[in-house]
Structure formats: C-alpha cells, structure tokens
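Here is a short briefing on a strand barrel and a surface patch. Please read it alongside the model.

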Amino acid sequence: MAINLFDIDQATRNMMPAPDDLRQRMQYLEIGPADLALLRQIHPLLRSRMQSVIEGFYQHLLNVPALRQLLGDDRAITRLRHLQSAYFHELTAGDYGEEYVRNRLRVGLVHQRIGLAPVWYIGAYRKYLADLGPLLRDLLRDRPQDFLPTYAALFKIVNFDMGLALDTYIQAGRQELLGLKNYSEQIISSMPSGVMVIDDDETVRTVNQSMLLMLGVQGDRSAQICYRELVADPTLRQHIAEGLRQRTYRGKVTVGLPEPLRHLRCCLSRTLLDNQHRLLLIAEDITEPMQARAELRDSEARFRAAFGQAAVGLAQVSCDGNWLRVNRKLLDIVGYSEAEMLQLNLSDLVTPEDWEIDAPLMRGVVAGDLQSSSREKRYLCKDGSDVWVKVTLSAMRPGADQPSLVAVIEDISQRKQFEDELMHVASHDALTGLANRMLLLDHIGQAIAQARRHQHHIALLFLDLDRFKTINDSLGHDAGDRVIVEVGRRLRQAVRAVDTVARLGGDEFVVLLADLPQERIAATMAQQILAVLFEPMLIHGHELAPASSIGISIYPKDGEDAKTLLKNADAAMYQAKSMGRGDYQFYNSEMNASTLHRLTLESGLRHAVERDELQLTYQPQVELVSGRIVGVEVLLRWHPEQQRLVMPDVFIPIAEETGLIVPIGEWVLRTACSQLVAWRQAGLPDVRIAVNLSARQFRQPGLDDMVSRVLADTGCHAGCLELEITETVLMERPDSAAQALQRLSDMGVRLAIDDFGTGYSSLSYLKRFPIHALKIDRSFVRDIPYDADDAAIAGAVVAVAHSMGLSVVAEGVETLAQCEFLRGLHCDHAQGYYFSQPLNAAALASLLRDGLVTGAQIGAA
C-alpha cells in the first residue's frame, strides 16, 4: 500500500518521547554503560556474520502467507532487507540517542501503516534474538564469560526497541480513534438533522447545533445537562421519558414548537453506544414541507372557489373534446345544467364549419405542437340562440395522468356589439347615417372589381348644395342639419338598392351607381336627383328648395381607381357650379387643368400677404358740382412673384370660399388707413377713403372690434373711413346686419351700399340701416343717357337717396355724356375712367396736390 512519508515524519515528530522519559525507560530496563561497552565490542564482529542472520530472518517471514502478502513484491523485499540490515547494524552500535529513537519510531509507524500486527512484530524480535544467540556464543568462544552479559545487554536493547514500536502502535491507534471521533463529531455537528444522545440518567451525552436551533435553544449549549433543560415541548418530553424506560424502544412523533412556529418530525430509538444502551433522538425540521402542504391545500381551496365563481367560463376538457369539469359562468353562458354539459362534446356547441377549424388546433395543443389556441367563435346555446365567445385552450398534464385541456371561455357578445357599433360609426356619417368617405372608397373598390369582371361601367355623382351656407347663416345650423338629413333621405329613395349614397362632409354628397351597362343611365339618375332635391321642404316654418350642382365621372374612362374617380367628379361638380348651378356636368380632362389652376391660386394666396404680393390702388371719387376729389376707393390687386397680375374677380371668390378674405381684408383696411394718414401728414387735402367689405368679413364676429383696433393703431379718424357693403349681403340677414352697421356707425365710420339696384332690398329695410351713401352699379351707368330704362333707374336711385338724406356715388363713368347726365340728375359723386384709372399711392398724391381732375374740368366747361 502507498505510504505518505510526509505524514510518517510528522507523526514521528509528534510521538517523540521527552528526554526524561527516555532516561527513565533505560533505567527501568537497567541499560547501563557496561551494557553499551559490551555491545560496542561485539558490534564489529557481527558485521561480517549479520547477512546470514538477515537471510534466515526473511526466509522465516516469507514462510508466513499473511506476512508474504504484506511485504509485497521482490523489489520491496530487497529494499526491506537493506533497511533491516541497517537497522540490525544500529542495534548493536551502542549509540541510543534521539536520532536512534526517531528512526525506531519511524520504522514502527511504517509497519503500523502497512498493517503489520504487533504479534508479527514481537515474533520478528524473537526470531532475531533466537538466531543471534548461537552467533554470539561462537564469536565469544574465547571469552565465554562475556557471552551472557553481552546477550543480556542485547536483550535489554531489543526490549527498549520493542517498547518504542509498541508505543507507535498504541499512539497511532489512539490518534486514529481521536480522528474518527472528531470526524464523527464534525459530521454530526454539520448534519441538517438534529441529533441528541441521552443517557439512562437523563443526561444529554451528545447534541448538535441543528438540534439546538430546532429546539429554540440560544447559544452553544454543551452536553452533560438534563434533557429537560433543552426540551420544553411536553409531548416530546413524554416520548423521551418513555424511551428511557424501555430498553428496546422505537417511536416517532411530530411536534409543533412556537415562536417561531416550526414543526419537527422526531425518531427515537434505544441503541448501544460505548457499550451502553442510550436513547438516540433524531429530529427533522419539516416546517417548510408542512407549510407548503398547507399552502397547497389553501391554493386548492382558493382554486375551487375561483373556478366556481370566476367571471369567465372555465372548463376541463378531455383530449377528444368531452367536457370533464365546468364552472357556473360557463353554464350561464350556454344555458345548460352541469349534468347536461358533462354529457356533451365541444363539437356540440359549435357549427360544423367551426369544428373543422377547432379540431386540428385542439390536436396540436394536446400534442405539444401549439402552446395554446385562442379563437373567437359563436357557441350554440341550449335555447337555440348563439353567443359570441373567445375560447382559449391550453394543455394540462397533471402528473402521469392522461393529458387534458383547460378551456377559458369569455363572453364577448357585448364587445362584439360595441365593435359593430363602432364599425358603423367609423364607416357612416353621424348626422345622416349615410356611408362616409372610408366606406364609400371601399364600396367603389368593390364596384370597380365587379365592373371589370362584367365589362360594365360605374358612375360617381358628386353633389354640392347650392347656397347652402346662406341657409346655415340665416336660419341657423340646426336648420342646416335638418336640410342635410332630408337631402340624404331623398337621395336614398332616388337610387337603387345596389347603389351607395355617402356624405363626405358639409353639404357634399356622393352617389355611387354600380354595375351600369350604359353611361347615359348616370345622366338620367342625375336629372332625377336634381328634380327630387328641388321639391320644396319645410324647415322651421320656411319652405326651402335647395338646388344642387352635380359632377359625374365614369369608370373606366375617367379613372380606374376610387380616388381618381372622386377627384374628377369633384372637378366636374365645380364646372357645373361655374356654369350657373342647379345642373350636372360630365367630367372632361380640361376640368382638371382648371381645378389645378384654382388650387395653385389658392396655395399662392395663402402666402400673398407675407410675401408682400398684394398691392392697393386708389381710384378718385369726384364731386360732380365742383370737380374736386373728395374721396378714393381702395382697389386690391395681387401680383404674384414672376407671374402676371391676378385681378380681384379671379382671386376674391377663392379668398371668400377659403376664409382667407378675413386676414386679407384686415390687411387692406390697415394699409389703406395708414396711407390716408401718410397723405395727411404730407400736407395733402383731406379725402375720404372707401374700403369694400366682403360678405365673409361682414359676417365675421368681432368686425367692429377689428375696425376700431385698426383705426386706433393707424391713427386714422373714423369719419375719414367709408365701408362699402353690397345690398345682397345686407339682405341675407337684415336684422343682424342692421345691428352690425349700427355699431360701426356709432364709431363714426361712414357706410355705403355698393352695387345698389342689383339686389332685392326694399325701402322699408333700407330705412332701418344707418347708411350714409348709395353707389349706383356700373351696369346702370354704362348705357345712359341713351337707354331709357337705365336712365330711369339712375334717376330713381338719386331721388330715393336724396329723399332719405343719403348721398349718391355713380360707378363706371367713362364718357362726358354720362358725366353730364348724372350732373343733371344732381348725382353727388362719380368715379370711373373718365376721371382717372386706379393709381398707386404716389400717383394719387400728385393728383391730390392739383385738387381737380381733367375730366371734371372738361365737364364743367
């Protein structure tokens, strides 16, 4: 066997006797100087004869099988022979100090480690002494008197060696026992289980730290105390007492200890330890397993309660679809009793079409190919109705049992209803219930696909109500909404069931005529719609007949997708409006160019003010009696950068429709007032400046505040400002118009009715307005004095105005004859190319310095 020489050397150092001990041993064995002297004398004589002793010694050893096995192979025996020769040489050398003792101890340890029992060790010394006796007798034959003393001295040294060898065996055994004891104590101390050994007298012989912790004992309590000082639980004490009374006791008990609560499983048994019957107590802390079992029981109870009272349907289903367990909510959803449900299969609650989808998914979940399956479907209820549910299936494999499925069934019928309602809201107009743009585009796409298959046409009719804004402004938005609803109702009645009527917003509608074999059907339908819409409707006590303009685009010649067809129908509708309203127009390619031009103008107009592209010109207003310039009318021009001049009749309607007229109008008023102040500061004669108000400006809330703010900012006097409003605008809502005019008049601003005679005002309304002047429209001036009707109208306007204390301004005066005729009518003022074309500010300033215009002077001559 392998021997660790480092351990041998360390053990040898630990076993070395003290020098006093060695002297005491030698005195006890009566080893004295005479003995040492005799051994030294015989030592050189033995050297030449010792080899035969060693050979005989090993021959004797090898004859014993047990020793032959311990000695090992031939190489080991050879090495041992050499060591043994050295040992025998030292035995008679006469020097028995510390080095000799250390070597003897070392040899003894090696023998002990290889397992050589002391009996063989003593027998070896016997063989040595037996073989050496005759040899000594022969060597001392000439001195026979020295034989016995020499042999006695050798015998003493052999006994000294044997004592050292036996010490190594005893001490090595003792150390092994101590090691085993420490080893066992370490194991017991580190064991997670509690260990306690109790003697019959109730004394604790052994207790480990785990046991102390389990018993709630603080600190490191040693043994040799009564077990009652450690064990407080009466049940455990009772079992210990019973175990101490019975010599063959075996028992088990589970106890619960408080503060903190813990549970111990204790095994007690009588066992033989150190030749005494003692009670062995082994305790295992089972607090966590018991808590886990308690929590499991609680969890199971909670699961049963949650399963039964869950707000969603829960069920356990077998792999082939049979219901194994169902909760109350699921029964409420489908209307079956629990007994009835457990007789059914999943396939009984769904349609065959749904089962064709569900069955493979269920097999996939069972096989583990799918983690779960979730689908929305309809369940067939007991009463024959169906209910929308969301079913989620997942696999459940409890232990080694047959796998099953867990089903979560959620009633989503209300959600589905909400979704349908939301889908309807998302795809239909809230006011009329008609399709909105999103749904219309979808229907157009479907109609195009069908028309493409059948080689048919479809038509889009884009409708816009004419002058709908007038209805809104005069009767209110509630009346406007009722008109829109009635229009939608009439459109639905006018078209076929396969057609779609949609409202895009405001007063814009679209009719989709699907699957038309001929284009002319679209024209017929447009005529019918125009006729139906023109029939009077009674709204808030007013009889209204809203006309409409319709644009028509045809698939496929006017476009092959929904957006193109809509855009082209819109362009055709604008063309219908521009050609007199109340009619329909088919799309042609030139319309898009016109629409594009209009969009370009609109885009440019939005930036005209910031780009400084707007310009003001001023046309003089002349007093016909004196020829003096008494006022100027402000005229707006737009000159986009690097483009031709755009006249007001082109861009003003766009500004009106888009609402840009409001900021542009304020800019015109502010610029004109600032210019008037600049002329006054330059020392020019005072004149009145006339600015037109558009319909949208006049209806804009806060008009009087805006005018007051501009006058204050520019320093312009209110009496120098004249605002012109057309009589058409005034008569749209005469009551509110009168209030707005009065607020302006109260500020000191002069007010004039522009284009008088072209509208439908009556004298009774005219008297209610705080007007200062009337302007005769150029259409009545153009043919005077030669056209008797125009001459009579002009004379009547002058007479009516003067009778009401109003001044009159004639527009569009271009000839001397016109000027003379108006002077004969006693018309107060006139303006036109006869006197001057519109001028920029600098040119007009020069004219103001002269004070008179050439035309006026000629007319006066």
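Which residue is the bridge partner of Ile-753 in strand 23? That partner is Leu-774. The model is predicted: local features need pLDDT of at least 70, side-chain atom pairs count only at pLDDT 80 or more, and totals for chains, interfaces and linings use all residues. Residues are numbered from 1 along each chain as its sequence is written, and side-chain values use heavy atoms, with hydrogens and water left out.

**Barrel**
- A closed barrel of 8 strands runs 18-19-20-21-22-23-24-25, with mixed pairing.
- Strands are DSSP runs of E, at least two residues, and helices are runs of H or I, at least four, numbered from the N terminus.
- Two strands pair if DSSP finds at least two bridges between them.

**Parallel neighbours**
- Strand 20 (residues 688-692) runs parallel to strand 21 (residues 721-726), joined by 4 bridges.
- Val-691 faces Leu-723 of strand 21.
- Strands 21 and 22 are also parallel, over 5 bridges.
- Glu-724 stands opposite Ala-752 in strand 22.
- Strand 22 pairs in parallel with strand 23 (residues 773-776) over 3 bridges.

**Burial of strand 22**
- In strand 22 (residues 750-756), 6 of the 7 residues are buried.
- Buried means under 20% relative accessible area, exposed over 50%, partly exposed in between (1.4 Å probe, protein chains only).

**Surface patch**
- Leu-645, Met-647 and Val-650 form a nonpolar surface patch, with about 220 Å² of accessible area together (Shrake-Rupley method, 1.4 Å probe).
- Patch residues have over 30% relative accessible area and no salt bridge, and nonpolar side chains are joined within 5 Å.
- A salt bridge puts a side-chain nitrogen of Lys or Arg within 4 Å of a carboxyl oxygen of Asp or Glu.
- Met-647 lies in the loop between strand 19 (629-638) and helix 23 (648-658).
- Met-647 counts as partly exposed because its relative accessibility is 35%.

Terms used:
Patch = residues over 30% accessible without salt bridge, like charges linked within 9 Å, V, L, I, M, F, W, Y side chains within 5 Å.
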